[in-house]
Amino acid sequence: MKQYEVIREIINQCPLNHSRDQFFEEIQCEDPEIYIRERCGGRKETYEKSIQKDGSIVFDVYFSGMHQRYTFSEI
């Protein structure tokens, strides 16, 4: 299993409020995409996956009117 530092950001959709909540954790998983699916609990989510130049994996997840960003950096 690989070990990742995960930054989860809840992005505020209000146009006048640009703050965001951020949570940090370390996890072990084989595939970050499976982790995202499990984290959403089978809800009707959509997500966009991108790989950054530094190798981190970013998922922009949309469900229940919320936008969350998960950034996985391998430890």
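Ile10 has Gln68 of S5 as the residue opposite it, in a model that is predicted rather than determined by experiment. A second pair of this kind is formed by Tyr4, which faces Glu74 in S5. The strands concerned are S1, spanning residues 2–11, and S5, spanning residues 66–74, which run antiparallel and are joined by 8 bridges.

S5 is also paired with strand S4, residues 57–63, and here 7 bridges connect the two strands, again in an antiparallel arrangement. Within S5, His67 is the residue that Tyr62 stands opposite. S4 and S5 together make a hairpin in which 2 residues lie between the strands, and Ser64, located in the turn, has a positive phi of about 50 degrees.

With these pairings in hand, one can turn to the whole sheet. In what order do the 5 strands of the open sheet lie? The order is S2-S1-S5-S4-S3, with antiparallel pairing, so that S5 has S1 on one side and S4 on the other. Going from one strand to the next, the twist averages 20 degrees.

Key
Residues numbered from 1 in each chain as written. Predicted model: local features only at pLDDT ≥ 70, side-chain atom pairs only at ≥ 80, totals over all residues. Heavy atoms only, no water. Helix = DSSP H or I, 4+ residues; strand = E, 2+ residues; numbered from the N terminus. Axes fitted to C-alpha atoms, helices over the stretch in contact; angles between N-to-C directions.
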